[in-house]
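Colleague: I would like to learn how to read a protein model. Could we go through it feature by feature?

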Amino acid sequence: MNEELLAPSDTFVRRHIGPSEAEITAMLAALGCDSLASLADEAVPADIRPARAAAELFELRDGRGEREVIASLARMAADNQVFRSFIGMGYYDCITPPVIQRNILENPGWYTQYTPYQAEIAQGRLEALLNFQTMVADLTGLALANASLLDEATAAAEAMHMCQAVTRGKKPGFFVADHCHPQIIAVMRTRAEPMGIELEVGPVAAVQGRLAEGRLAGVLVQYPSTDGRIEDLRALADAVHQAGALLVVATDLLALTLLEPPGAFGADIAVGSSQRFGVPMGFGGPHAAFLSTREEHRRQVPGRIVGVSQDARGRAAVRLALQTREQHIRRDKATSNICTAQVLLAIMASMYAVYHGPEGLRRIARRVHGWAVVLARGLAGLGHELPRAPFFDTLKVRPQGRSAAELVARAEARRMNLRRYPDGAVGVSVDETTGAAEVAELLALFGPDDDDAAGAALRDRIVAELSDADVDYAPPLARTSDFLTHETFHRYRSEHEFLRYLHRLQDRDLSLTRSMIPLGSCTMKLNATSEMVAVSWPAFNALHPYAPAAQSRGYQALFGDLERWLARITGFAAVSLQPNSGAQGEYAGLLAIRGYHAARGQGHRAACLIPTSAHGTNPASAVMAGMRVVAVACDEHGNIDVDDLRAKAGQHADELAALMITYPSTHGVFERSIREICAIVHEHGGQVYLDGANMNAQVGLCRPGDYGADVCHLNLHKTFCIPHGGGGPGMGPIACAEHLAPYLPGDPLATEPQPVGPVAAAPYGSPSILPISWVYIALMGAGGLTRASQVAILNANYMAHRLRDHYDILYTGAGGRVAHEFIIDCRPFKKSAGVEVDDIAKRLMDFGFHAPTMSWPVPGTMMIEPTESESQAELDRFCEAMILIRDEIRAVEEGRAARDDNPLKGAPHTAEGLCGDDWSHGYSREQAAFPAAWVREHKFWPPVARIDNAYGDRNLVCTCPAVEDFA
């Protein structure tokens, strides 16, 4: 019987891959090829193609249906045991308002957006991020906040680097109070060592002597501390400032609704996580961390800052501000290597604040603190020892009559998790979800027996005592200042109005739900619904990252599958899933190389060869890993200049640590000399780090481990379908050869020394989004993954073929083929028509498209990547838009349109501008709004006209301005 007849009706490959069989045949014919395999043979060098079949490499079954795969994942999830967590340590149960869960977290109109570099079509998300910055700035009492970081531990590490930058590297020391969360301390140790920062961890009392030495750039304290204590830190702030250092405070946003904010008692920088503002624990992530600081340090702030500017019509508009700080511009002089942030989660947290408002947040905080007070009273009444210092939600209990081990075991028997401190104490942290029954059960747990009747009596007494609990703090700890005073945080109290607000913002953004986003090197492809389903399952998103291992067996099975699959796909021996962004993956890969050299007595190797075409994160990551960047030239075809590489490798042979290379190249071609390049580096004692940004052209066709690389990172938010989320979350795990495996990122809570420390706060980075990639790989199978790469290459070559008569294609490989992306040259138009690449990008908005990657790796160009998920019809639509834009440029060149008044210079065109009475352009309103017939069916109206970037930087406003400015 025909096997195809009996195949599941919901197989996925045909849904993921955009072009139909007929379209694939037609595109191949246009290219003069007879099959996808023959086109791949032309594009990919023969000497790096694997000898074994893809199925043998991946060991994945083809043809599974979506229902079957989701059922398999559900069985895996069932092996996770979701106990009630009282562990704390910066991770808390919380309530995600259903209106936020369904309309943001589960909404492709929010999670399929790209980083808001094209601000005119990202106004909704940018306003939400401005809300986030306002929330953080208000609660921390500092003037300026960024638009999110990866997690609390890396935010603290970024603050340490920031202190070094502010003090201009003249103070090599940094002090961390030992009352900080252990994962924060661990990540900071990892970050400090390669950069030569003298990190000291000790009690706060010891800092005075260290300050007197004059070597400290900064001091980090936690407020409240990891054991729950709240201390008056004003005297410490004065002492730190007198020594010419900066005070960094790791803090809790919910606690700050009741406590004096760090900015008020002298903090220079505040960091923390916004997780408990409606974002599930997710076994560690993703969560939006934050960093806020004083206005004078704005140039040293890591990551992105959203600011208010104005558009061409003088209306308020939001954009990314001060972009000259970013790594893609400053490269090895960047303030950080941050590329992906946590935008989607920052938006969720900001909307949690909008939903509840200041009065709601304060009510939640008072309730949390109230239950902690009641619990403390009960525990003290049972004879247990508690510290006398004020607390917020966490109690460090020295049990009497029972050991910590016994209490933890008793708790687990009741499906509850407590924290064990190294000194024999037990930690209990309450949260937004805590109620009377749980507090009663905790008291029964700590009581002399398990008498249910006694537990019921306790419960009744607790409910009565809550109204009598003193939840107010006394000065100077009590907050006296207002927060979240902007009207946005007061306007949307009914769900109906709040829902409309969310959708108004969504409608101001362009996402993959509207059109293709053809960004080179960013791989904006289908994020299938079946891949996203498990993100909302409590079995995956309700676990604490430090819950006992026996409770996460489902996750461990999923991690094992992913690690094995990714190792087979890349040709490597080992994988770490910990890096929670691509830039973190780069950093972790370089740390592995550094650890390997050090273990062999060659720790002096610190020279890192990086092609001049590399993404800015590469040199920034190298510097963070303690390496010195040596630039390698590229030839006129965009390939690495092998002669220059050989010369530089020889020149630095005694100190050569690594080469960082992207493959296929950043110019969109498979370099034929890749094996020779790797051999040259190895010959001179170095290791080859491969940037996996372009892995979407390789899966099933070639493997980095086979052609000479030693380690690579994988952007799961590119090749493996985790959505970009408007600029995050991302995941950047690394795969490496066997000799580097011992130097993969370590455990954040390890008590013994490790070859390499952790790079993220949680052992597996952002685990709750890993099921997305697991489902994608399981659904595609070996054959589907290979076909996806083949079609990605086909789509790119087809578009290049269609556009080559209108734009110069800058780089091609052998036979004139490109890889999965290609670069068109827009530089000649500046001279011929006064048209710049920005003008083309803005005009594309009138067609309903996001611009391709602009001016990288070559200024004045566009890099186009269609991916395998776009149909031929969508490819043709984009090509037609680009061809019509070329005709508009030609009209200027031929004098039929003015150089300073044409549709490109006026773009993007808003509905308001087109409907006004003051139309004075030399082209028609119809040409402005509907440049192609099909635009009438696909029209996306840019909400603002072209934004004045310079104005926004000159007049920096990074929190919500007067509400009338957004009218």
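Colleague: Is strand E18 (residues 656-662) largely enclosed by the rest of the structure or left open, and why?

Modeller: First, the ground rules: this is a predicted model, in which local features need pLDDT of at least 70, side-chain atom pairs count only at pLDDT 80 or more, and totals for chains, interfaces and linings use all residues. Residues are numbered from 1 along each chain as its sequence is written, and side-chain values use heavy atoms, with hydrogens and water left out. Helices (H or I, at least four residues) and strands (E, at least two) are DSSP runs, numbered from the N terminus. Buried means under 20% relative accessible area, exposed over 50%, and partly exposed in between (1.4 Å probe, protein chains only). Seven of the seven residues of E18 are buried, so the strand is largely enclosed by the rest of the structure.

Colleague: Which strands are joined to E18 by bridges?

Modeller: Strands of a sheet pair through backbone hydrogen bonds, either parallel or antiparallel. Two strands pair if DSSP finds at least two bridges between them. Strand E16 (residues 607-611) runs parallel to E18, with three bridges joining them; there, Ala 607 stands opposite Leu 656. Strand E19 (residues 687-691) is also parallel to E18, and five bridges join these two. Within that pair, Met 660 has Tyr 689 in E19 as its bridge partner.

Colleague: What is the order of the strands in the open sheet of seven?

Modeller: The order is E2-E8-E7-E6-E5-E3-E4, and the pairing is mixed. Strand E2 (144-145) and strand E4 (198-202) are at the edges with a single partner strand each, so one side of each has no neighbour in the sheet. Five bridges link strand E3 (residues 173-177) with E4, and the two run parallel. Phe 174 has Leu 199 in E4 as its bridge partner.

Colleague: Which strands does helix H11 touch when it packs on this sheet?

Modeller: Contact means heavy atoms within 4.5 Å. Axes are lines fitted to C-alpha atoms, for helices over the stretch in contact, and angles run from 0 to 180 degrees between N-to-C directions. H11 touches E3, E4, strand E5 (216-223) and strand E6 (246-252), and its direction makes about 160 degrees with that of E4. Nine of the 11 residues of H11 (residues 182-192) are buried, so this helix is largely enclosed by the rest of the structure. Among the buried ones are Ile 184, Met 188 and Arg 191. Helix H13 (residues 234-242) lies across E5 and E6, at about 145 degrees to E6.

Colleague: Is Gln 275 buried or exposed?

Modeller: Gln 275 is buried, with a relative accessible area of 1%. Gln 275 sits in the loop between strand E7 (269-273) and strand E8 (289-293). Beyond its neighbours within four places in sequence, its contacts include Gly 90, Tyr 92, Cys 94 and His 287. Arg 377, in helix H15 (residues 343-381), is partly exposed at 36% relative accessible area.

Colleague: At what angle do helix H3 and helix H29 pack?

Modeller: Two packed helices are described by the angle between their axes and the distance between the axes. H3 (residues 21-31) and H29 (residues 770-803) pack at about 50 degrees, with their axes 10 Å apart.

Colleague: Which strands does H29 lie across?

Modeller: H29 lies across E22, E23 and E25, running at about 15 degrees to E23. Helix H31 (residues 837-846) packs on the sheet too, touching E24 and E25, at about 45 degrees to the direction of E25. Nine of the 10 residues of H31 are buried. Just after H31, Gly 848 takes a positive phi of about 85 degrees.
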